[in-house]
Amino acid sequence: MNKTDLFQIWNYDGKILYHEIIEATEDFSARYCIGMGGSGNVYRAMLSTGQIVAIKKLEHASNGYGDMIVPKSFRNEIRALTEIRHRNIVKLYGFCSHANCSFFIYEYLERGSLAKVLGSMEHAKELDWSKRINVIRAVANALSYMHHDCLPPIVHQDISSKNILLDLEYEARVSDFGIAKLLKLNSANCTSLAGTHGYIAPELAYTTKVTEKCDVYSFGVLTLEVLMGRHPGDLTFSLFSSSSSSPSSVGQNILVKDVLDNRLPPLTPQVADEVVVIVKLAPKCLHQTPQSRPTMQQVSQELLSCKAPSPYLFYKITLGQLLNGEL
């Protein structure tokens, strides 16, 4: 980034000016703040056209000599999102690098984050089983696109419920590419430990090499969270023992129905079949060995072809039966 003001916004032909964003947010007043994160705060703004957008503002640090340093996350997000066009990835309308701050202009998603929805009794009930299955499929499709249809492949590195946004119809979008990595062929693709605690792949505790399988693990955690209505916590570790890659005996006798979000009504037979397929996929994504996890392309294809897995009555199926391939 050079020191001159930079502004680019595609759907307005570059005509939106920096000062309009400042006016629309009253210089980033707290009253317009709709989200706070490690890389910056997000603000709701209505432009002069009447369109509502989301503004993600990143603060600049100083190098000690009075010069402002543009955050690496700003450059990362531009690199990643200018390469991406997918219905389940948040749309970047534009970006601005200014002496005082940098910010992105995104489409505004009315429901906010998946974490926020799951954390509300009222909104969690509105996110019924069919909608939840669609959220899981949408994230899988987005990651499959990033890993297999982008060149170079893009690893998000921070898939979590706070980074999945929902529109009015509860259609999901993957957001926050601040630590995303574009994988280079014939390169070590190393990184420092980053991401959200509870979603980070276990291999990153002993290696700095980032692969697509790191996102696969995070997706497995997210999948269980969507079905359970809360972060799965120790269940992600108990599905596989720490000393081997075999399924753990812990939780073998737990009924699938008992780990699902009890704020929702019982599943219909059709939805139950789809949920069983998803619950079978989740532990595969959580495998301790990265190479043993499926690709997101395989996950996406399996989710699109959900079929009745067995004649078993859903309410009698245990986690052990799914993990051991008995169904």
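One caution before we start. This is a predicted model. Keep that in mind throughout.

Start with helix H5. It covers residues 129–148, which makes 20 residues. From its first C-alpha to its last, H5 reaches 28 Å. That is close to the 28 Å expected at 1.5 Å a residue.

How many of the residues of H5 are buried? The count is 15 of the 20, so H5 is largely enclosed by the rest of the structure.

Now look at the start of H5. A side-chain oxygen of Asp128 comes to within 3.3 Å of the backbone nitrogen of Ser130. Asp128 has another partner here. Its side chain meets that of Lys131 in a salt bridge, 3.3 Å from N to O. Lys131 is partly exposed, at 25% relative accessibility. Asp128 is partly exposed too, at 29%.

Val271 sits in helix H9, residues 269–285. Which residues does Val271 touch, leaving aside its neighbours within four places in sequence? The list is Trp129, Ser130 and Ile133. Take Trp129. In sequence, Val271 and Trp129 are 142 residues apart. In space, their C-alphas are 7.1 Å apart. Val271 is buried as well, because its relative accessible area is 10% and the cut-off is under 20%.

On to the core. The largest nonpolar core has 75 residues. Which of them touch the most other members? They are Ile84, Leu114, Phe177 and Phe219. Our helix turns up again here. H5 supplies the largest share of this core, with 11 residues. At least three residues come from each of domain 1 (14–107) and domain 2 (112–324).

Zoom in on Phe219. Leaving aside neighbours within four places in sequence, its contacts include Ile136, Val139, Ala140 and Leu143. Phe219 also contacts Ile159, Cys285, Met296, Val299 and Leu303.

There is a second, separate core, of 14 residues. Among its members are Ile22, Ala24, Cys96 and Cys101.

Last topic: salt bridges. How many are there in the whole structure? The search finds 13.

Find Arg293 and Glu203. Their side chains meet in a salt bridge at 2.7 Å, N to O. Arg293 lies in the loop between H9 and helix H10 (296–304). Glu203 lies in the loop between strand S13 (181–182) and helix H6 (212–228). Those parts are 90 residues apart in sequence, so the pair ties them together. Both partners are out of the way: Arg293 is buried, at 2% relative accessible area, and Glu203 is buried, at 4%.

Salt bridges with shared partners also join Glu107, Asp167 and Arg173 into one network. Within it, Asp167 pairs with Arg173, with their closest N and O atoms 3.4 Å apart. Asp167 is buried, at 13%. Arg173 is buried too, at 10%.

To recap, then. H5 is largely enclosed. Over to you for questions.

Key:
Residues numbered from 1 in each chain as written. Predicted model: local features only at pLDDT ≥ 70, side-chain atom pairs only at ≥ 80, totals over all residues. Heavy atoms only, no water. Helix = DSSP H or I, 4+ residues; strand = E, 2+ residues; numbered from the N terminus. Expected span 1.5 Å × (residues − 1). Buried < 20%, exposed > 50% of the residue type's maximum accessible area, 1.4 Å probe, protein only. Polar contact = N/O pair within 3.5 Å; in protein donor to acceptor, adjacent residues only side chain to side chain. Contact = heavy atoms within 4.5 Å. Core = buried A, V, L, I, M, F, W, Y, C linked by side-chain atoms within 4.5 Å. Domains from an automatic or database assignment. Salt bridge = Lys/Arg side-chain N within 4 Å of Asp/Glu carboxyl O.
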